[in-house]
Amino acid sequence: MKFTIDVLGIFLKVVVRVNKVTFAPLVVSTLFILLTSLLAHCARRLVQKLVKESFVRVLLEEAIAAAELCGCCFELIIVADNFGVGTYAIFLFALTIWWSLNWGEATACPYTHIEDIIEGKGDVRKALLKTWAELAGGLLVFKYVQMYWALEISETHKDKAFEDCKADLQVPVLYGAVVEGIATCLCRLASKSLGDLNPRFATAIDSFIGTSLVVAAFDYSGGYFNPVLATSLKAGCDGHTLLEHAVVYWIGACAGSILSVYVYKLPAIQKYLAPSNTEANGDSIWDNKED
């Protein structure tokens with residue numbers, strides 16, 4: 001705890017100085033995202049070092065990943081609102097690569113556990129516990145974000161800490177569920193294909209595809225493609241009920257994920273992937289890095 005407070009204190013001193021000198025709200029947002037990623041990285045390493053029981057470690061890593069994801073995305077809302085979707089996309093692209101390289105087995109996303117159950121790689125009890133850990137991390141991180149926003153270091157954070165949030169859903173509920181479902185299905189198909197084909201720069205390609213789909217859905221459903229992320233950022237916001245939220249962001253996304261499992265097994269798709277399944281890993285802009 002003392003380490004976290006010390007890091008936050010140093011961070012705030014740097015932010016205040018930078019903001020006074022340059023008046024650059026984007027720098028403030030960038031530094032907050034970097035701090036959030038740094039704290040999550042340190043927490044993850046601490047858990048890996050101290051927690052010996054493997055499943056407990058997995059649960060804590062899922063909670064940390066979800067907190068990092070949601071904490072960064074809260075700030076990305078500020079970036080999108082003030083600097084445009086293009087800037088938001090650049091940040092998201094870079095962050096997705098970072099998360100892919102640092103989260104290990106954690107996904108911070110419930111439907112990946114559903115996929116594991118369907119494919120015989122997991123069980124319902126563990127899936128529920130992982131989802132609970134992800135929700136806990138995603139919901140609790142808002143207090144950390146709110147504390148930072150309340151400081152109003154930047155004009156872009158003014159009145160943000162306690163304002164009423166608004167839903168991103170701009171279309172009818174069923175349409176929104178279809179958008180989230182189809183986009184999630186496409187994201188998962190892309191990730192599975194890249195995992196098998198193993199092309200060079202697979203991580204960056206996967207990030208580019210995911211970011212592109214988020215931007216494409218941005219003005220319809222918000223483009224969350226992750227129930228925990230959507231719940232952390234938008235559950236209870238003005239513009240839809242909790243039931244409508246669940247239909248769009250939980251049922252829609254999970255249905256798309258489940259659909260991807262069966263679509264991916266279709267012979268028409270597998271015949272193009274099978275020859276590459278035995279090839280060595282070809283990715284990496286980072287030497288000796290396996291995807």
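# Reading a helical model, step by step

Q: Let me start with one residue. At 33% relative accessibility, does Glu152 count as buried, exposed or partly exposed?
A: Glu152 counts as partly exposed, because its 33% relative accessibility falls between the 20% limit for buried and the 50% limit for exposed. Keep in mind that this is a predicted model. Glu152 is found in the loop between helix H5 (124–151) and helix H6 (173–197).

Q: What is the phi of Glu152?
A: Here is the general idea: most residues other than glycine have a negative phi. Glu152 has a phi near 50°, a positive value in a residue that is not glycine.

Q: Ala108 also has a positive phi. Where does Ala108 lie, and is it buried or exposed?
A: Phi of Ala108 is about 55°, again without the residue being a glycine. Ala108 belongs to the loop that joins helix H3 (54–102) to helix H4 (110–118). With a relative accessibility of 0%, Ala108 counts as buried.

Q: Let us step back to the whole chain. How many helices and strands are there?
A: The protein chain has 10 helices and 0 strands. Read from the N terminus, the order of elements is α-α-α-α-α-α-α-α-α-α.

Q: What share of the residues is buried, and how do contacts span the sequence?
A: Of the 291 residues, 46% count as buried. Take the contacts between residues at least 6 apart in sequence: 76% of them join residues at least 24 apart.

Q: How do I read the packing of helix H2 against H5?
A: Look at the angle, the distance and the hand. Helix H2 (residues 25–50) packs with H5 at an angle of about 150°, and their axes are 12 Å apart. The crossing is right-handed. H2 brings Val28, Phe32, Leu35, Thr36 and Leu39 to the contact, while H5 brings Tyr144, Val145 and Tyr148.

Q: Which residue forms a salt bridge with Arg44?
A: In general, side chains of opposite charge can pair when their charged atoms come close. Arg44 pairs with Glu68, and their closest N and O atoms are 2.7 Å apart. Arg44 sits in helix H2 and Glu68 in helix H3, so the bridge ties together parts 24 residues apart in sequence. Both Arg44 and Glu68 are buried.

Q: How many salt bridges does the whole structure hold, and which residues are linked in a network?
A: A search of the whole structure gives 7 salt bridges. Glu115, Glu119, Lys121, Arg188 and Lys192 are linked in a network of them. Within that group, Glu119 and Lys121 meet with an N to O distance of 3.4 Å. Glu119 is partly exposed at 30% relative accessibility, whereas Lys121 is exposed, with a relative accessible area of 63%. Elsewhere, the side chains of Glu163 and Lys160 form a salt bridge at 3.2 Å, N to O, and Glu163 is partly exposed at 42%.

Note on methods. Residues numbered from 1 in each chain as written. Predicted model: local features only at pLDDT ≥ 70, side-chain atom pairs only at ≥ 80, totals over all residues. Heavy atoms only, no water. Helix = DSSP H or I, 4+ residues; strand = E, 2+ residues; numbered from the N terminus. Buried < 20%, exposed > 50% of the residue type's maximum accessible area, 1.4 Å probe, protein only. Contact = heavy atoms within 4.5 Å. Axes fitted to C-alpha atoms, helices over the stretch in contact; angles between N-to-C directions. Left-handed = near helix turned anticlockwise from the far one by under 90°. Salt bridge = Lys/Arg side-chain N within 4 Å of Asp/Glu carboxyl O.
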